[in-house]
Every structure is written in C-alpha cells, then in structure tokens.
Amino acid sequence: MSTDNTPPDSTDRMPASADPAQAAQKSSRRDFLKAGGMLSLSSLMGTAALMAQTDEAKATVEWAEHFQKNYRLMTDDEKNEARIRLERRHSAEYGKKVTVDTSAAQPGVLMGYALNIRKCIGCRRCVKACVEENNQSRGTRPGERIEWIQVLRMERGEFSQEKMNQGYPEGLGIQVGGNAYTPAGQVLEGQYHYTPEAVPEKDATYMPIACMQCEKPPCVKVCPVRTTYREADGPVVIDYNWCIGCRMCMSACPYWARRMNVAKPVLPKDEMNPVTHYLGNRPRMRGVVEKCHWCLQRTRQGRYPACVEVCPVGARKFGNLLDPESEVSLILARKNVFRLKAELNTFPKFFYFYD
Amino acid sequence: MRLISFANDYVRYVLRGSTKFYAWMGFLSVLIVGMMYVFYLQNTEGLIVTGMTSQIHDGLYFANLVFLVGVAAGAVTIVFPAYVYHHDGMHKVTVLGEMLAITAVIMVMMFVFAHMGRPDRLWHMIPPWGIYSFSAMLGWDVLVLNGYLFLNIACGFYYLWAKYTGTKVNNRIFMPLVYISIVWALSIHTVTAFLISTMPSRPMWFHSMMPIRFITTAFAAGPALIILIFLIIRKNTKFWIEDSAINLLSTIVSWCLGLAIFLTMSEIVVELYARTEHANGLYYLMFGLHGLTSLVPWFWSSMALMLTSFVLFLIPSVRTNYKRLPILCVMAFTGIWIEKGMGLIVPGFVPTPIGEVTEYYPTFVEWLMTAGIWAFGFFILTILLKGAIGILQGEISYGSSQAASAE
Amino acid sequence: MNRNLSRTLILALFCNVAVSVFAQEAGKQEAKETVCFESRKGASEITKREIKPGLPNIKCSATTDAVLWYGDPYEGTVPMSKVPLLDKIPEGNAVVKPRTEKLSLVPTCTLACHNGVTPAGFPKHKKPVPIPTMEAMVPEVKDFQHGRGRIWCLDCHHPTKRNLLVDHFGDPVSFDQPQLLCGKCHGDKLRDWRDGIHGKRIGEFASTGKKRWFVCTECHNPHNVQNGAHQRGFTQLQPEAPPQLPFGMKDAKHEKQHPIHH
C-alpha cells in the first residue's frame, strides 16, 4: 500500500477545468499542430475536401475512416489522424467546434462505481443526464431512442393473512406472501415503464442497471474483431469504427448493458455535446453497438460521470479504487456491498451498497 | 485447358433446360431481386427496417443461420454411410450431398451478411487486414464454416472432375479429405451450438446438451431435405437414386428425430420441474409470460409436426411409401426449422438478462430477405445438382462437347 | 401572547407576501429564462445561460424542470468553512453554494422581529408552543416532521438572529453550513457525508479534487424529513419519462400482469 494518501497522478497533472470543453480543446489544438506535419495522404484529402464543405468532402472523410485500423493497434500519429478526421467531420456536421479526445488511461487509476440501492428514488434523472452527455440517438421511431441506464421498479410486497391464497409471489416483486404451492416467480423482475406522478412510491424499490464495467467482461471475450475491450483504467470501451455489428456482445452481456444503433442516430445539432472522447461519447454511426463507458470524456479529465452529478439523492458514487481515500474505496471498506450476478464470474466494478 | 472446357461444358449443360426449368429459375430470381432490394434497404436505412430491437437483437436471420448450419452438417449422413460403411446406393450419390452442403454453407454466409449491422466491415475479421480473435466463438464458427465449404468444394468437384475427364480418383488425396470432412461436419454444428451455449447471460441456451441437440436435429432435418431432393431428382431426371439409399436416409431421420424429441422432452422436464427464473425463456416459449404469447403457437405446432412425423416414420409401410414419405419429410423439416429457429433463438432473449419481457415481430423486410436467401440457395442448388447429375450420367465429359460442336 | 406582538407579526407577514408576489411577477416579465431546480424542488435553482457559444451552464429536463447536466459544476459557489477531519483537501477545493441569499423571508424577519433582541412575548423556555404567525408564513411547520416531537424550532433556529441556525451550545451556525448542526444528532451521516459516501458532490472525482459539496438542506427538507416511511427523507419528485417501447410493443401493460397464469 504505497499509494496511501497521495492523490492519483492524473488529477494532479490534468485538473478538470470548470469548463471541460476548454481542457479538451486546448490539448486537441496542440496535438493538431503537432500532427500537422505527419498527416497521411488520405486524411489530407479528406480534411482539405471538408473545408470546401461539400457532400463529396464528407464522403471522402468517411471513405478514409473506412480504412483505419483498430484503435488499439494505431500508432500515436494514426490516432491523431483519426482524431482530426473525426473533429473535422463532426464540426461540419453539427455546426460547432467538436473535440475528440484521445487521452489514454493514467497509471494509478482504476475506476470504480458504487450505488446506494436504499437511496435510489427511481426518478430516472441519471438516465436522461446520460443521454444529454453521451450523444445517444433520440429519435421517435421505435429503436431510435437509446438509453444506457435502465431503472427497474420492484414492488415491495407484503406477507399478510388476506393474501395467503394468492400464490407466491402475488403480482410483481421480490418479496411477497402466500402459499408456496403455486409456481415461484422471478427474482430480478420489475417494471421498466412505470409512470407514477411522483417518486419514490410507498410500495416500491428501485434498481438502476447499466454497464458494470466487468473485470472479466464476457462481451469482450465473444467479440470476433476485438473492437470492445477493457481499458487499463477500468472501463470497457468500443471502437465504433471497427465494430461489425454482429451483436454477440449483446447476447453475452448478463446485464443487458449494450444497445444497437438500428438506424443512423438522431442527434439534433443544438443538443449535441461537442466535448467527446474517441472511445466515449463521439457520435456513433448506423449499425454499431454502444454502451456506458463511465463518461470517459469526463473521467479521463478528472471529472465525475454525468449520472453521478445529477442524482438528486446522491445515491451514485464514483472514484478511484486504487486510492484508499476515494469514496468508492471507503464504501467498500465500510458498507454492505454486493455485485449483481456475481456468480457469473464477471467481477463487476459497479457495486451496490446500502446503509 | 481441360479446366476451361470443364467450366464451359458445365455452364452450357446447366443453361440448357425445359420451360419448367426456366420457370423455376425465373421464380427464384424474382425472390432474389427482392432480397437484393431489402439488403440495400437494410444497409442504407439500417436494421430499423427489421423487427430486431436492442432487447431481441437476433431474429429470423440468426435462426435460419443456425438451422442451415445443421442442413450443411446433415450432408454427412450421405458421406458417412458411403465411405465408412461402403453403402453402394449412397456411394453413387455422395456428390449430391456435397453439393447440398456447399449450398447450405453459402446460404449461412448470406444470412450472416443479412444479420450484421455493418457487413461492409466484415474484413475486420480477416487477417492480415483485420483481427482474428481466437477467444470468440463466432471467429471459430467462421473458420470451421469456411473450412467446410472448402472441403466440400474440393471433394465434390474433384470427384466430378475425375468423372468428367474419365481419370481415376486418387484415393490417397481423396479419402483423407473425405474423412476430414466427416469430422468437420460435426465440428461446424458443434461450434455453432457453442456460439449460443457458452453464454451464461442467456440461461435458455446455457447447457451442455446444446451441441448434441443441434447434431440430432441437424441429422434429422438435413436428410429429410435430402430425401425430398432425391425424390424430385428421381421424378424429373433420368438419374436413378436407389431405394436403399432413400430407405437408409429415412431410417436416419427416424432415429435422429426420436433422439431430438427425447432431448427436448428432457429439457422441458428439467427446466419446468424446478421452474427457476432460468426457465423463463422456455416458459415464455411454451405458455407465454405476462400474457405475451406470440411464440406459443410456433412451439406447439413444431411439437405436433415433430411428434406426428416421428410416429409415422416409425411405421415401415408409411416410411417406404414414396408417395407419403415426402409429406413426412416436410413435416419433420418444418418442425425442426421452427424448433431450432424461432423456437430456440427468440426465447433466448425473453426475458432480457435483467428481466424485461418484450416480443419479436419479424417485418416484411425480414421475411422477404429470408425467402430471397432460400431462393438463392435453391437457385445455386439447382445449378450444382444439374451439373453434377449431368457429369455423373456421362452427359458431360471431356471431349463430348468438342465432338458435339464439330458435328 | 401579547396582542401588539401578534399585530406586528401579521403586518410583517402581509408585507412579506406582497413583496414576494410582486417580486415573482417582475421576474416573469423580465424574460422567458429557464430556471431549473437542482436536487430538491425549492431548495436551489439555477438559471440557464451560455458559458460560451454552444456550451450552456446547465441542461434542463423539459418534463420536470430538473437540472440534467452541469457545464460548470462550481457556478456561484464559495469555499466551504472548516469541517473537522477534512484537512486533507487543499484549501479552496471544497466549495458550497451559499444558501443564505435563498432565504427570502430573512430580510423581513430580521427587520421586523428577530433583529438581535428577543421580541416581547417571546417564549423564554425551549418547550414547544405553537406560533401562529410562523405557521402562517411557513405552512409546513404546522405538520412538523422531524424528531418525532423531540425537537422544535428553537433547537435549530437561533432565537434572536434569524439569519442563522444554532447548535447545541447556543453558538450560531450559518445556513451555508447546516452540516455542523445536523451532524450533532446525525453523527453517522456526518461521517459518511464527510467521506463522500452520504450526500452528493460534483466536480472532480479524485479524493483531493475540487468539488462542490451539497449540504444537508439542499437535498433534505429539515421541516419534513420523515413524511411517511416511503419518502426516505426526500420530498417526492416527478420522474422523468420512461424508456421507449421497443418495436411492435403497443404498451407496457404486460409488466403489471402476473408473469405466470395459474
């Protein structure tokens, strides 16, 4: 335990500015100048054409994108090229300066998440914050609205004399009464589309579920092109440009954390978040899978994920597991903690706890 | 030189045909054009034109893919008796089984293309441009399927080539390939079973019975289709397929069908006796969940078809009656297509791993794509079988066309 | 109670109501600005504006008027005063949003009655007595839900300095630092809050990073923390919209059905 009270390097060197856009833009501008001399022909063609603001230009850039390598195998120059290509294309498409961060994992950081299951009131603010931050599709046709966080509403249920003949369980829920001679229900079943006027309701508990950022992610194992992988600081990410859309990862995920872009994502210009990360919230394309990445564009700059910041009851906690003073480390040390489906050998870094 | 004349003769022979032949091929072509249109649609609009969702993201395409891998593997029910038990009737028609295997694998690949979100990036799987992942079952599946395709093309066309040129088959090369292809046939379906049975997130699929269930159903559905094709060939061409071959195939179908039903029943007993939440997929399939019951008729019709055809297959007088046999084969084939397709893939996604219950409604686009790919399969199968029969009967052979054109 | 006192109080109340109503109307006329509440409705609000072109300070929910996204987590904050055992955090890295200016009644109160001297007729002991004027001004205290009858107004509010709270020793506590008061009883919660386990902080996630700390009253209404077991210390909120129904699903009624018919 040599790390004892020293803060992780990342935050020392790169303090999150009040305006995350500023920090990202600063570095990207610098890198852009640095990379200027080493642009390959393809990207030069693409960027030059893009300045002309023609459809042809966009096509050229996309054409170059088609032939880029898997992000993990790219050299720093190639990453810069890919970054510049994306920044140009997205800036033109969304009519504002879009930055695409490519910062790597910092040593000494292992991200972890904890959620106080007793506190959650089921308001779904985290769900919507995630959409605001991460540029998910928000269309109206079925399948065009993507949300990474699901909140389950589960009935509390009760044991009572009147319900003795109503089976086990009665209605939905985890803990209800009755005789045991009729079939058992499900443990992890609940309502997803609940719409009460106000939450929390008296007779319900809530359970938010998103990507657990497993240490042994089954989705990574089944990916035939290795486009999804675990980053050194913890999150499981996707190189959207390399994904072939086979959806094996979606089948393999025990937490239903992955979503499919069945159409070109619907992302209005004014709602688009221009501060992006290559492995994070940059706009996706049709036919690829996406998932929660713990707001890599924020957390790599030292900032809390968006869902943590909007939770009105402070149920969501995020921190560096390697720092014993971080809130998540202290929760693990002090609280009653459990992980969802721990029996599946996935080792999530998302912990549920209760006071 | 001889290779060019082989191709030339083959194409010429295949193109010649009756009005019935052209009507058949024309009908298939219409469906193929439809398929091409919806494929274009899927790759411009996206998979939104299909009924697949983030909840149920494998549908009709994946179901057909899994089923057709079985059909491809089923071809081994001809090759195995022919080369291991030296069954004479089978030996004559081995090459037809290989043609069927080639067709089925090609159809599987087309369903892969239909299924994928980004078929334009398929090269990402292929080294040296892409990355091949040895940890992914899908990677292994692609490997074994392509290997099987190669083996069948090699064995089938080498045999035809030998017949065409009148040379003797070199058994020192040919026989090892045949034996490898027999084992390989098992491997393609085993790996396909592993594809879905290695995921604890989907309890409906997560059991070690899956590979053997896949193989028994494959060895029932495959030969059932082959019997149908043989009977059609016997009726429409001069090529005579012996009764012994057909009878052996129908025996294989009966036993494998029986085993398949036994395994299905075992699964039902095991799952529903304890009735844990892991049985929800099966329960949804059999009875529905939360009042959502769209798969229930599929399941029970499949059970009825399989059970009825099995009982009838057991009666020798019905089994050997070639007027009734096709009906049994169609019943068994359809029953397994449902059981292994819609009945296995879709309930794997209901409920989702976190318990959400939704339903799958395949769209017209999906049905048209599926029909189109099957049409394409029949299209190439017709060509392959016609050519193969021509060569086997000696209607095409080296020198015959030159002689014909010289006349 | 002294008749004069009650008259003064009623006068003060009317003045205050009139002033606040007037102020509200003026606010409405100014511009259609988006004001969104943060954690608890009525506790703290932020007005939406642009930090720079294309980057708003907050994003709001169209359904519930709740803040959904922070462009600037430290907007309008001041350094938090010393909290015991928080000395590892560098100076200025723990900030809070001042709440004193939010308390609209304070100017009137401190002017009219609680101007540093104990008003005439004011109870000399700490035993609870109903104060009709205060109940009229802050209706929720009529059904006071905190401490199950064991505490009342003067256990937390300073008797003479109305813009301050009071701790057990009688020392004043700022409205910006209610944790120093709340922690006197809720010691376990204070400890968890200090370590970031309880409550909410936004900004940088590193344990020594700059954070805006949400204080107790930004999430909990101290007059109404135990209003029914179901609220878990929180006032009920309108939830955001449910997820989209997948293709082919007409409604979500099946979710309320029993999973298995029997």
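Before the tour, a few notes. This is a predicted model, in which local features need pLDDT of at least 70 and side-chain atom pairs count only at pLDDT 80 or more, while totals for chains, interfaces and linings use all residues. Residues are numbered from 1 along each chain as its sequence is written, and chains are lettered from A and ligands numbered from 1 in the order in which they are written.

**View 1. The domains of chain A.** Chain A is divided into domain 1 (9-101), domain 2 (111-151 + 209-354) and domain 3 (155-198), with bounds that come from an automatic or database domain assignment. Domain 1 of chain A brings 25 residues and domain 2 of chain A brings 22 residues to the contact between them; two residues are in contact if their C-beta atoms, placed from the backbone, lie within 7 Å. On the domain 1 side, helix 1 (9-13), helix 2 (20-35), helix 5 (76-94) and strand 1 (99-101) of chain A give two or more residues each. Helices (H or I, at least four residues) and strands (E, at least two) are DSSP runs, numbered from the N terminus. This side of domain 1 of chain A divides into 12 nonpolar, seven polar and six charged residues. Here Ala, Val, Leu, Ile, Met, Phe, Trp, Tyr, Cys and Pro count as nonpolar, Asp, Glu, Lys and Arg as charged, and the others, Gly among them, as polar.

View 2. Look for an open sheet of four strands in the order 10-2-12-11, with mixed pairing; two strands pair if DSSP finds at least two bridges between them. Strand 10 (316-320) and strand 11 (336-338) of chain A stand at the edges with a single partner strand each, so one side of each has no neighbour in the sheet. On average, neighbouring strands of this sheet are turned by 30 degrees against each other, direction ignored. Strand 11 of chain A pairs with strand 12 (residues 350-354) of chain A in the antiparallel sense over three bridges, and A:F338 stands opposite A:Y352 in strand 12. Helix 11 (residues 327-334) of chain A lies across strand 2 (111-116), strand 10, strand 11 and strand 12 of chain A, at about 105 degrees to strand 10. For these angles, axes are lines fitted to C-alpha atoms, for helices over the stretch in contact, and angles run from 0 to 180 degrees between N-to-C directions.

**View 3. A covered strand in chain A.** In strand 4 (residues 204-209) of chain A, six of its six residues are buried, which means that 20 or more other C-beta atoms lie within 10 Å of a residue's own, with C-beta atoms placed from the backbone. A:A204, A:Y206 and A:P208 lie on one side of strand 4 of chain A, and A:T205, A:M207 and A:I209 on the other. In a regular strand the side chains alternate between the two faces of the sheet. Strand 4 of chain A pairs with strand 3 of chain A in the antiparallel sense over six bridges, and the bridge partner of A:L152 is A:M207.

**View 4. Where chain A meets chain B.** The contact takes 44 residues from chain A and 35 residues from chain B. Strand 3 (150-155), helix 7 (218-222), helix 8 (248-252) and strand 7 (259-260) of chain A each supply at least two residues to this side of chain A. Helix 8 of chain A has the largest share, four residues. By class, the side has 28 nonpolar, eight polar and eight charged residues.

**View 5. Where chain A meets chain C.** Here 69 residues of chain A are in contact with 55 residues of chain C. The largest share of the chain A side, six residues, comes from helix 6 of chain A. This side has 28 nonpolar, 19 polar and 22 charged residues.

**View 6. A sheet in chain C.** Chain C has seven helices and 12 strands. Four of its strands form an open sheet in the order 7-8-12-11, with mixed pairing. Strand 7 (78-79) and strand 11 (201-203) of chain C are the edge strands, each pairing on one side only.

How values were computed: Buried ≥ 20, exposed ≤ 12 C-beta atoms within 10 Å, placed from the backbone.
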